[in-house]
Amino acid sequence: MAGAKLPELVILMILISSNVVQVISDVIPGLGVNWGTMASHPLMPDIVVNMLKDNGIKRVKLFDSDAWTVNALAGSGIEVMVGIPNNMLGRMASDLDHAKDWLKENVTKHLYDGGVDIRYVAVGNEPFLTSYNGSFTKTTLPALQNVQKAINDAGLGNKIKATVPLNADVYASGSDKPSDGDFRGDIKDLMIQLVKFLYQNKSPFVVNIYPFISLYQNPDFPVDFAFFDGGHKSVQDNNVSYSNVFDANYDTLVWTLKKAGLSDMKILVGEVGWPTDGNINGNPKTAQRFYDGLLKKLANNKGTPLRPGKLDVYLFGLLDEDQKSIAPGDFERHWGIFRYDGQPKFPMDLSGKGNDKMLIAAKGVAYMGKQWCVVKHDIKDLDGLAADIDYACSLSDCTSLQYGSSCNKLDRIGNYSYAFNMYFQMNDQDVEACDFKGNAEIVTYNVSRGSCLFPVQIVSSAQRVEFVYGVGRRRSILAGFVLLVIMFM
């Protein structure tokens, strides 16, 4: 390189630039990701934004409007959907001024030259889930109306639309055929009002479709019907054939909207994905199979039988989140196409061409010391540790130990050590978090086994500030060196 002539260098730089542009331009148009932050140690927002850009992802859906996160997206060229959490719906519904104040603080202040490209405001998230027992049925529509009016009054109505991401359980088909689809009986009138308001304001219907959940909830569900590679006998609905549950679910919504008089309403798939752990059907192999089929379908612009053509889809999700509720299932903490630290989990091709390779990992991730907490080798009474294991798992994340999960085949000592280490890492490698009545010890060799990862925690946002400025430095940082790993492709 040192001896290369200037013209050769120029040509080389042009070729490199062309390759970069090619990678970015290959990402399927209309493809986005959900960026959730329910993690004990979230990655720095700027690291995540750079990871999105490195992988050519141009759309992102957030679940709130955290200023640090939204600011990090400024100048990125990424289209953004910000969110209003369900616990704020009552306030948004109660007074238009509250909606206007929220818009000013969370949207309009980011709309400057070179700022954030905000396109949607998600008012709530799946507020009509049956598990909520109607908690948000009275506030969701008024909140949506006030937020959209606030947007319109601010002169932003042509660019930014308010919508409500809804779970696919807001509609159903009594016969399992899409043509029999309709809104759920207990909310039918409300849903018709809501979709008509969306339609009048040229806002899309945002629906979350989860083939994995169909498989998880029904032991008799045909496994292959959850995927896109045609391994299951097609389902016939009059003269229409369905080879996968995604198409059938989507077209059930199309029929439902048609019956409401809105046959041409725009639909966005707000969430669709496959977990990689926490369930026997959730692993990197099945996730790769699912995404390969989905991405090829999107790239071919096949659409669905009733809506052929381009589909707008947000994958769920971007990163694993170890603080998510596991009430629906242990898999809830493992939806990410990237691990907690921004490492890709399995090969995939966001262009949908089937040229699978590992996505570009997050760069500039700081890890805590290379140390793990394990059961002492000379412990004889393992039965006496049962209460400690329960305690450790209740305050950390042991979902990878469950049946069919990545660490399910560990022996008893391995299970206990995994639980101790998760608690230790969750508590920032504090030496007191690896005691357990003297039954645990810190080791400096990697204790991961096969596909079972014993993680080393990352230095998260607040901790990095402490470390850089030397304020409130934790014993865990004193106990081991912080390893700064800059990863290049």
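Trainee: Which residues does Gly 336 touch, not counting residues up to four places away in sequence?

Mentor: Contact means heavy atoms within 4.5 Å. By that rule, Gly 336 touches Thr 276, Gly 317, Leu 318, Leu 319, Asp 320 and Lys 345. Keep in mind that this is a predicted model, where local features need pLDDT of at least 70, side-chain atom pairs count only at pLDDT 80 or more, and totals for chains, interfaces and linings use all residues. Residues are numbered from 1 along each chain as its sequence is written, and side-chain values use heavy atoms, leaving out hydrogens and water.

Trainee: Where is the place of Gly 336, and is Gly 336 buried or exposed?

Mentor: Look in the loop between β13 (312-315) and β14 (365-367). Buried means under 20% relative accessible area, exposed over 50%, and partly exposed in between (1.4 Å probe, protein chains only). Gly 336 has a relative accessible area of 1%, so Gly 336 is buried. Asp 277 lies 59 residues from Gly 336 in sequence, with 10.0 Å between their C-alpha atoms.

Trainee: How many helices and strands does the protein have?

Mentor: There are 14 helices and 17 strands. Helices (H or I, at least four residues) and strands (E, at least two) are DSSP runs, numbered from the N terminus. Of the protein's 489 residues, 53% count as buried.

Trainee: How do I read a pair of packed helices, say α11 and α12?

Mentor: Two packed helices are described by the angle between their axes and the distance between the axes. Axes are lines fitted to C-alpha atoms, for helices over the stretch in contact, and angles run from 0 to 180 degrees between N-to-C directions. Helix α11 (residues 386-394) packs on helix α12 (residues 412-426) at about 40°, with the axes 8 Å apart. Angles under 35 degrees count as roughly parallel, over 145 as roughly antiparallel, 65 to 115 as roughly perpendicular and the rest as oblique. α11 and α12 are therefore oblique to each other.

Trainee: Which residues in α11 and α12 meet?

Mentor: Asp 388, Ile 389, Tyr 391, Ala 392 and Cys 393 in α11 meet Tyr 416, Ala 419, Phe 420 and Tyr 423 in α12.

Trainee: What are the angle and distance for α6 and α7?

Mentor: The axes of helix α6 (residues 140-153) and helix α7 (residues 188-200) cross at roughly 10° and come within 10 Å. That makes α6 roughly parallel to α7. In this pair, residues including Leu 141 and Leu 144 in α6 meet residues including Leu 194 and Phe 197 in α7.
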